[in-house]
Amino acid sequence: MIDEFLNIIGKKASLSRENCEKIRSSYLKDKSRLIESAVETKLLLEEEVLEALGLLYDIPVNCALAMENVRDDWTDGISKQFLKKFAIAPLVREGNDSIIAVNDPSDISLVDEVATLLNFHAYTLVLAPKNQILSAVNALYDRDTESAQQLVEDMEDNGFTIIDDFEQTADLLDDTSDAPVIRLVNHMISQAVKVRASDVHIEPFQDVLKVRYRIDGILYEMLTPPKGVQSSLISRIKVMAKMNIAEKRVPQDGRAQVRLGEQEIDIRISTIPTAYGERLVMRLLNKSGYFLKFSEFGLSDENMTLLNKIIRQNNGIVLVTGPTGSGKTTTLYAGLSEINSPDKNIITIEDPVEYNLKGIGQIQVNNKTGVTFAKGLRSIVRQDPDIVLIGEIRDLETAEIAIQSALTGHLVFSTLHTNDSAGAITRLVDLGVEPYLISSSVNTVIAQRLVRLLCNGCKQEYQLEASHIKSLGVGEQYIGRHVFKPKGCSNCFNTGYSGREAILEIMLMNDALKSLILKTSDANQIKKTALEFGMTTLRQNGMSKVLKGITSLEEVLRVTQE
């Protein structure tokens, strides 16, 4: 079999005899792992191996398994662990179009066993990537699991056990623990990931305990567990993060890492004492996700061109401003990913390091050991960097070192918490930075917000009236234009929105602005001058998305109100 496979893949992927022998040697070490062995050589992609096996066994390849209209009423009869171990996904549909997806076609007896258990008289056998199969299996069994509210209703004030030996990287979808509090925590985390929540809030009040998820920047109340489970619930999560469960009087921070199928989830956990018990927030970071590129930000052609030009400057400071959660870090990471290459030395200092960037040196701020932004930055400039990213400019010392770095030939990226681009100049002056240093070092200030996107399945069209235009403060030329508003359906969690995109206000520092900064730090005057030179404001950028039916008027007004 291996000779036939190598003959097919050698021709299909144009492999040399030497490379074919490398694949053969890897396979002979463990004959039960042909696909993994071939991929581990880094000579082939999994899809290429599957296509060759498809030709060898005469089985079609399906790299994207469709989960629409798939039944899950059979899941009680087959072990999920069995399907995941052997990478088999039965997609049972009404009629005769059911599919059994496998990753390795060498042992068809396992497929026959599954077909017998499901009483399949006819089905289509397909090959699919392992991650697609595991995701499909997890999705099927997740549909049939108890809802979080049912778990809550089953809980009483006694009988809970806290298990200390929690494995940080265990797959939560495989956890079969009978302890209700553990099942509730696992379900909360898996559901939060499923609905793309960035944070989970557990909030105690006098007579009630509330659980809220932050989805697309907005908090939604999801659960109200019995007040009696509060201590057990908080303790369980603190155990996961290796925090002190006995200490409830002081704030604590911790982190845990869990796995859901193929997804690695990093959880930052914070607790604070309140009058009615500890309040806990979990920040979820999906480590398995990929970094967005500028082309996926939903940017206008003009802004795309500007950003690509800005990140390729040789020196100076590029500031991204906006409130917490406005996507500043994502924008900076996307910029670094675009310009990252072997001929550049890129170093970052962050608090915390949220995502690992390949080929880039990342330093974690640690105040306990004395690694502050300022001290870390002093060390970075002695590391011969071309590009430096500072997580945030918080004080005068950090600002001054950043400016000196920019003036000595480095390109510096950083963030500030201000409402708009002009406000960044005022903020730097307030920190104590001399205006002449700002005008000579800052190249660009970008103000950013995230607007929620209207759900394409339920958005409703209506006509703009004069009152709408007046509330946004834009021109009357928009009166009568047809735009959309949210409604809400099951696909968008009944919010009317699904996903987010960035709106930007890019202030390029030209000679007129630099001269003005030497005279005044008044944000209104700086903004007025920038507008005279063609700067597009956040609201104007947001309005263009409203007119295209991408977002709503209310959403733009919400994120740009001053």
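Reader: Let's start with α14. Which of its residues are buried?
Author: Thr 398, Ala 399, Ile 401, Ala 402, Ile 403, Ser 405 and Ala 406 are the buried ones in α14. Keep in mind that this is a predicted model.

Reader: OK, and what do those buried residues pack against?
Author: Quite a list: the strands β10 (316-321), β13 (387-390) and β14 (411-416), plus the helices α13 (373-380), α15 (421-431) and α16 (435-441).

Reader: How many residues does α14 have, and how far does it reach?
Author: Helix α14 covers residues 396-407, so to speak a 12-residue helix. From first C-alpha to last it reaches 16 Å, close to the 16 Å expected at 1.5 Å a residue.

Reader: What's going on at the start of α14?
Author: A side-chain oxygen of Asp 395 comes to within 3.3 Å of the backbone nitrogen of Glu 397 there.

Reader: And what follows the helix?
Author: Gly 409 follows α14, and its phi is positive, near 100°.

Reader: Zooming out for a second, how many helices and strands are in the chain?
Author: The protein chain has 21 helices and 18 strands. Its C-alpha atoms fill a box of roughly 80 × 70 × 60 Å along the principal axes.

Reader: What share of the residues is buried?
Author: Buried residues account for 49% of the 562 in the protein chain. As for contacts between residues at least 6 apart in sequence, 63% of them join residues at least 24 apart.

Reader: Back to helices. At what angle do α1 and α2 cross?
Author: Roughly 145°, with the axes of α1 (residues 2-12) and α2 (residues 17-29) coming within 10 Å. The crossing is right-handed.

Reader: Which residues make that contact?
Author: On the α1 side you have Ile 2, Asp 3, Phe 5, Leu 6 and Gly 10, and α2 brings Cys 20, Ile 23, Arg 24 and Tyr 27. Sorted by class, the contact of α1 with α2 has 6 nonpolar, 1 polar and 2 charged residues.

Reader: Switching to the strands: where does Thr 348 lie?
Author: Thr 348 is in strand β11, residues 346-350.

Reader: Why does Thr 348 count as buried?
Author: Because its relative accessibility is 0%, and buried means under 20%.

Reader: What does the side chain of Thr 348 make a polar contact with?
Author: With the side chain of Glu 350, at 2.6 Å.

Reader: And which residues does Thr 348 touch, beyond those up to four places away in sequence?
Author: Those are Leu 336, Ile 360, Gly 361, Gln 362, Ile 363, Ile 380 and Leu 389.

Reader: How about Thr 271, buried or exposed?
Author: Thr 271 is buried, with a relative accessible area of 0%. It lies in strand β8, residues 263-274.

Reader: What is Thr 271 in contact with, leaving aside its sequence neighbours?
Author: Skipping anything within four places in sequence, Thr 271 is in contact with Lys 238, Met 243, Pro 251, Gln 252, Glu 278, Arg 279 and Leu 280.

Reader: How far apart are Thr 271 and Met 535 in space?
Author: They're 42 Å apart, C-alpha to C-alpha, and 264 residues apart in sequence.

Reader: Last one, Leu 531. Where is it?
Author: Leu 531 is in helix α19, which runs over residues 523-532. Leu 531 counts as partly exposed because its relative accessible area is 35%, and that class falls between 20% and 50%.

Terms used. Residues numbered from 1 in each chain as written. Heavy atoms only, no water. Helix = DSSP H or I, 4+ residues; strand = E, 2+ residues; numbered from the N terminus. Expected span 1.5 Å × (residues − 1). Buried < 20%, exposed > 50% of the residue type's maximum accessible area, 1.4 Å probe, protein only. Contact = heavy atoms within 4.5 Å. Polar contact = N/O pair within 3.5 Å; in protein donor to acceptor, adjacent residues only side chain to side chain. Axes fitted to C-alpha atoms, helices over the stretch in contact; angles between N-to-C directions. Left-handed = near helix turned anticlockwise from the far one by under 90°. Nonpolar A, V, L, I, M, F, W, Y, C, P; charged D, E, K, R; others polar.
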